[in-house]
Amino acid sequence: MTTAPFCPPLPEPVRRRVLAEAAPLAVPAGTVLFRPGDACTLYLVLLRGIVRVQLVSATGHEIVLYRVEPGESCVLTTACLLGHDAYAAEGVAETAIEGLGLTPSLFDRLIAESAEFRRFVFAGFGRRLADLMLLVNEVAFRRIDARLADWLLHRYAAGEVAIGSTHQAIAVELGTAREVVSRQLKEFERRGLVALARGRIELHDPAGLRRIARLADRSGRA
């Protein structure tokens, strides 16, 4: 395993204990780390890479709940360990990942004995719950045209004038159906806001997309 900045920052005695007792973990991109119904056997301290946590419905629709990056914790894993419950969603290595796996017994001992580790775990738990509440609000109460416009603008702000993504991938991010995304993108194209090509969306009128997001938010859910 490559050396990487240790996350979370912990007092040296606790850090040495984690490094000595935790198991190194390295898996390639695409590896499923846990599925609904799985028991939690490890608390992952992520050193490199990204883990995507998603929910898949019985009909096959998916929604990304959140992503875990180095220095962050997985709220589902924390909840499973504290409540002795099984996972209710799926975790996938979005990129190749490296980290340290803490057994449930080591996790419990660190929670009990290290205030710094306890603060890290519960601070991450609180932040992630707030993110999930925001996601619920977005999906339940915000119009899809506003959410799609915001998603496109976020990618545009990151420097992507031509956004490489399939309609299905966008639907997973927004928690809706591919057909809904395709229909809304066609409407954006008809209005001259974007141009569609296979696997690519070119933004032609970011200002128009911003107006859609603001107007849709003021008018309420469609």
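**Figure 1. Where α3 meets α4.** In this predicted model, Phe107, Leu110, Ile111, Ala112 and Glu113 of α3 meet Ala115, Phe117, Arg118, Val121 and Phe122 of α4; contact here means heavy atoms within 4.5 Å. Helices (H or I, at least four residues) and strands (E, at least two) are DSSP runs, numbered from the N terminus. The two axes sit 6 Å apart, at an angle of about 110 degrees, and that makes α3 roughly perpendicular to α4. Axes are lines fitted to C-alpha atoms, for helices over the stretch in contact, with angles running from 0 to 180 degrees between N-to-C directions; 65 to 115 degrees counts as roughly perpendicular. By type, the contact splits into eight nonpolar, no polar and two charged residues (Ala, Val, Leu, Ile, Met, Phe, Trp, Tyr, Cys and Pro are nonpolar, Asp, Glu, Lys and Arg charged, the others, Gly among them, polar).

**Figure 2. The largest nonpolar core.** Of its 36 residues, Val18, Tyr43, Val53, Tyr66, Leu102 and Phe117 touch the most other members. A nonpolar core is a set of buried Ala, Val, Leu, Ile, Met, Phe, Trp, Tyr and Cys residues joined through side-chain atoms within 4.5 Å, where buried means under 20% relative accessible area (1.4 Å probe, protein chains only). Helix α4 gives the largest share, five residues. Leaving out neighbours within four places in sequence, Phe117 contacts Leu10, Tyr43, Leu102, Phe107, Leu110 and Ile111. A second, separate core has 20 residues, including Leu152 and Val181.

**Figure 3. The α5 and α7 crossing.** The axes of α5 (residues 144-157) and α7 (residues 178-190) come within 11 Å and cross at roughly 75 degrees, so these helices, too, are roughly perpendicular to each other. On the α5 side, Ile144, Asp145, Leu148, Ala149 and Leu152 make the contact, and on the α7 side Val180, Val181, Gln184, Leu185 and Phe188. That gives eight nonpolar residues, one polar and one charged.

**Figure 4. Arg52 and its surroundings.** Arg52 belongs to strand β4 (residues 51-56) and is buried, at 18% relative accessible area. Its side chain makes polar contacts with those of Gln54, at 2.7 Å, and Glu94, at 3.0 Å. A polar contact is a pair of N or O atoms within 3.5 Å; within protein, one must be able to donate a hydrogen and the other to accept it, and residues adjacent in sequence count only if both atoms are side-chain atoms. Beyond four places in sequence, the contacts of Arg52 include Val64, Tyr66 and Glu90.

**Notes.** Residues are numbered from 1 along each chain as its sequence is written, and side-chain values use heavy atoms, without hydrogens or water. Local features need pLDDT of at least 70 and side-chain atom pairs count only at pLDDT 80 or more, while totals for chains, interfaces and linings use all residues.

Methods:
Buried < 20%, exposed > 50% of the residue type's maximum accessible area, 1.4 Å probe, protein only. Parallel < 35°, antiparallel > 145°, perpendicular 65-115°, else oblique.
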